[in-house]
Amino acid sequence: MDKMEEKNMIYDCSRGCTTTRTDSGELICTYSPGCCKLSDFNWFPGITDPKFSSYYEVRFKNTRKGFFENTSHQLLKIGDLVVVEAATGHDLGIITLSGPAVGRQMLRNRFDMETKEIRKIYRKARPLDLEKWQEAIARENSTMIRARQIAADLKLDMKIGDVEFQGDGTKAIFYYIADERVDFRQLIKVFAEEFRIRIEMKQIGARQEAGLIGGIGVCGRSLCCSKYITNFQSISTQAARCQDLSLNPQKLAGQCGKLKCCINYEVPVYVDAHNSIPQINAPLELMDGLAYLVKVDVLKGLMWFSYEEGNMSNMIPLSTDEVRRIKAANQKGTKPATLLKDKGESTPMDFVSSIGDDSIDRFDKKKKKKKKKKPVKQGGPAKGKSNDKVKEQQ
């Protein structure tokens, strides 16, 4: 590829392709799997299955995908831009999977070929199809801005998050978010008169909107909802509590404003670990006083106790077996001697409390205080010389 063509290249990450206009005016669209939302990986390269030889997975804008059948038996491969059948007219998408991997995707998405209609792949996209496709894409941003203005003028309690035009430019899907039911009768009439296209309204949630738009999370990676999550599970604060996470809404909330999906990833591990931790409903009775539970390290199986209730300065770690042994002794009416005999007076903590994590000046460098010089007394001995040497000089 020439340097001029690389300079004119436009990356369309919402559809997973790049577009380039050559010097002769020809439009070239190529598949770019690196920037695809919900990208797939073919785990069966070189493996054929006659059952799925004519089925392909075709992706459109953002996370919208579909399964199509190649009834004309054309030579198609991953990365080809194809014209496919739509409810009205035709659409244009990119082939992302073929062969046995399509069957696995159908099973994962619960797509039943016997009950659901499988639409057809008409042909590979021609230059005229690509031109119409790019013209329709160029209208999406301005259409979304105008649609938001119309919804605000009609005083509808909704937010239009994205607009997707069909490949032939005759239809558009308006993705919106609303807490309550919205009456679209007047809105669709205004949209049809304003844009002169067929209208489809599709309601999505806040998590689905984040998946459509995409972004970078606090971990530095792409949002999970835009990479692979399709079924959103409910997330509660109980999942954060069992992991001893700080219940700070600013840290627990994602870009969608809801609790982060990654909070649920390690919940089963913590639930299993909690089952091995003994329940402490009362302080442990010892000969030298009562030991209060201050903190539990679930994964390491350590329980930190202190002789002063609510004091985290002098804590003593005990394993779960030791806690069970002391608890069983208390139930029998006996008291062990002390916790300090074997553990020492103080044990350094290997964890950091989250109390001061939100301090504003925690990253500021602390200025060192300058030491004041002591004044030298007049008439006294010079620095570095003893009194005997001073007398000898005199």
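**Figure 1. Lining of the largest pocket.** The largest pocket is lined by 35 residues, and those nearest its centre are Leu38, Thr63, Arg108, Asn109 and Thr230. The model is predicted, so that local features need pLDDT of at least 70 and side-chain atom pairs count only at pLDDT 80 or more, whereas totals for chains, interfaces and linings use all residues. Residues are numbered from 1 along each chain as its sequence is written, and side-chain values use heavy atoms, with hydrogens and water left out. A pocket is an open set of points on a 1 Å grid over the protein atoms alone, with protein on both sides within 12 Å along at least five of seven lines; lining residues have an atom within 4 Å of a point. The volume of the largest pocket is about 1,000 Å³, a volume being the space filled by probe spheres set on grid points joined across faces, edges and corners. Helix 2 supplies the largest share of this lining, four residues. By class, the lining comprises 15 nonpolar, 10 polar and 10 charged residues (nonpolar: Ala, Val, Leu, Ile, Met, Phe, Trp, Tyr, Cys and Pro; charged: Asp, Glu, Lys and Arg; polar: the others, Gly among them).

Figure 2. Helices (H or I, at least four residues) and strands (E, at least two) are DSSP runs numbered from the N terminus. Arg110, which follows helix 2, has a positive phi near 55°.

Figure 3. A search of the whole structure finds one cavity of 30 Å³ or more, a cavity being a set of grid points where a 1.4 Å probe fits but cannot get out. The largest cavity holds about 60 Å³ of space. Strand 7 gives the most to its lining, with four residues. The lining of the largest cavity has five nonpolar, one polar and six charged residues, including Arg15, Trp133 and Glu164.

Figure 4. Strand 13 (residues 289–297) and strand 14 (residues 302–306) pair over five bridges, and Asp297 has Leu302 of strand 14 as its bridge partner.

Definitions and conventions
Two strands pair if DSSP finds at least two bridges between them.
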